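Open the model in your viewer and keep the sequence panel at hand. Each stop below gives a selection and what to look for there.

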Amino acid sequence: MKKQVKNFVLTFLCPAVTLVILVLLCLNPAGCRSTVEGVDLIDGDYSVPKIKSFCVASANCVTIDFSRNVTVSDVYVFKKNDGESVSRICSAEYENDSKTAMLRFADSTVTGETYVAEGTVRDEKGNTLTFSIPFLGYNDNMARVILSEVRNCYGFASVNKVKVHKGEYVELYVLEDGNLSGIEISSASDGSKTKYVIPACDEKKGDYVTVHMRKGNTKKVVEDGMISELDSNLLLSTHVDSSSSRDLWSENLDAVFPDNDVVYVRNSQDSSIIDAVIFGKSSLKSWNSACERYLQKIWDAGIWQGGFDAGNIVCADYVTATAASRSYSRINVEQIQTDYDKGLYLSGEPFPNSRDTWIVTNKVTPGGANSKSVYTK
């Protein structure tokens, strides 16, 4: 048997292997090498410019900050719903070594209407970026608002022996007349995923607005009466969580506002933070990176007085899914209004806002004056 194997190797296998080696040497006479003939590798930067920020500066101007100096071309603005072109830019001005482009439109946008700006930018090396950015028409009469109440839990309640949804909401209080268009509600943990941008609604000083941050946890949970009140009829929303004031309902179905979070109100036109509330468990040791970024912005703006550790934020231990009758309520809303009317905050001073100005109440009051009843275990 061994003799037969040896004869097979000498007679057939060795000649075959030798032939393959000879063929390979003919195809690549220089032996093994990695250089590809005719291809030159050129050093250079082939990355495209990046958009760092977008700001609606006026009714006919937006500004875009880029990561490098650019030239803008072929920019159009059109209504998002029907694609109707509003105008091609009539001018593009540059600042900050051409890293900031100011695009001026021939026609003005309308407050509350949704538009899209599309165009192309090119850097000095020829790299191009095509962008498409939705935005709301400029609101030149934005209402002055503060956070008044927040419920960050999701649960159910029994109403007439029927199980009904009780969801997360944010209540705003209006300090000064104006329009709500472009005011955005979100949280550091949730980001843009579940943010809600308020549509055009006129409000008066002293009004309350309740933004319900989701309609349920599945499409099957969405119940009757969850209707956004976008005009003067404030009786459309008839759900058990509705109020006698304006109710707005997000289409979101995902959970919002975890136990340790920063809920904020922002001007979506320039991304400035208007107000915020910070809450967390007493066991909180550290914040996640997303929260840390917003905590820094809030600190820089002076919006929250005090630190951000567990001892200086609103305690979230007792607002849970089984306690949907509790919320975080601001107890100095009336005092802020009085001081605002006296002109104390007209030059941009931050409002009193700290752990001491919020309580956990055992009586939720969406759309109305906050309860001063403190929950005690």
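The tour goes from confidence to sheet, then to cores and salt bridges.

**Stop 1: colour by confidence**

This is a predicted model. Colour the chain by pLDDT. The chain mean is 86, and 86% of the residues reach 70 or more. Now select residues 2-6, where pLDDT stays under 50. The model gives this stretch zero contacts beyond four places in sequence. Next, select residues 12-38. Here too pLDDT stays under 50, with five contacts beyond four places in sequence. Where pLDDT is low, predicted coordinates should not be read in detail.

**Stop 2: the open sheet**

Show the cartoon. Look for five strands in the order E14-E13-E18-E19-E20, forming an open sheet with mixed pairing. Now select residues 261-267 and 272-280. These are strands E18 and E19, which run antiparallel and are joined by seven bridges. Which residue in E19 stands opposite Asp 261? Phe 279 does.

**Stop 3: the cores**

Select Val 170, Leu 172, Ile 198, Val 277 and Tyr 328. Within the largest nonpolar core, of 49 residues, these five touch the most other members. E8 (144-151), E11, E13 (183-187), E16, E18, E19, helix H2 (289-301) and E22 each supply at least two of the core residues. Which element gives the largest share? Strand E19 does, with five residues.

Centre on Val 170. Beyond four places in sequence, its contacts include Leu 147, Glu 149 and Val 150. Ile 185, Val 209, Thr 210, Val 211 and Met 213 are also among them. Phe 257 and Val 263 complete the list.

Another core, of 20 residues, lies apart from the largest one. To find it, select Val 75, Ala 101, Phe 131 and Phe 135, which are among its members.

**Stop 4: salt bridges**

Show the charged side chains. The structure holds 13 salt bridges. Start with Glu 168 and Arg 214, whose closest N and O atoms are 2.8 Å apart. Glu 168 sits in the loop between E10 (162-166) and E11 (169-176), while Arg 214 sits in the loop between E16 (208-212) and E17 (246-249). The pair thus links parts of the chain 46 residues apart. Are these two partners buried or exposed? Glu 168 is buried, because its relative accessibility of 2% is under the 20% cut-off. Arg 214 is also buried, at 6%.

Move to Lys 204 and Asp 177. Their closest N and O atoms are 3.9 Å apart. Lys 204 is exposed, with a relative accessible area of 53%. Asp 177 is partly exposed, at 38%.

Now pick Glu 334 and Lys 372, which meet in a salt bridge at 3.7 Å, N to O. Glu 334 belongs to helix H3 (residues 333-341), and Lys 372 to the segment after E22 (358-361). They are 38 residues apart. Glu 334 is partly exposed at 39%, and Lys 372 is partly exposed at 47%.

Key
Residues numbered from 1 in each chain as written. Predicted model: local features only at pLDDT ≥ 70, side-chain atom pairs only at ≥ 80, totals over all residues. Heavy atoms only, no water. Pairing = 2+ DSSP bridges. Helix = DSSP H or I, 4+ residues; strand = E, 2+ residues; numbered from the N terminus. pLDDT = per-residue confidence, 0-100. Contact = heavy atoms within 4.5 Å. Salt bridge = Lys/Arg side-chain N within 4 Å of Asp/Glu carboxyl O. Buried < 20%, exposed > 50% of the residue type's maximum accessible area, 1.4 Å probe, protein only. Core = buried A, V, L, I, M, F, W, Y, C linked by side-chain atoms within 4.5 Å.
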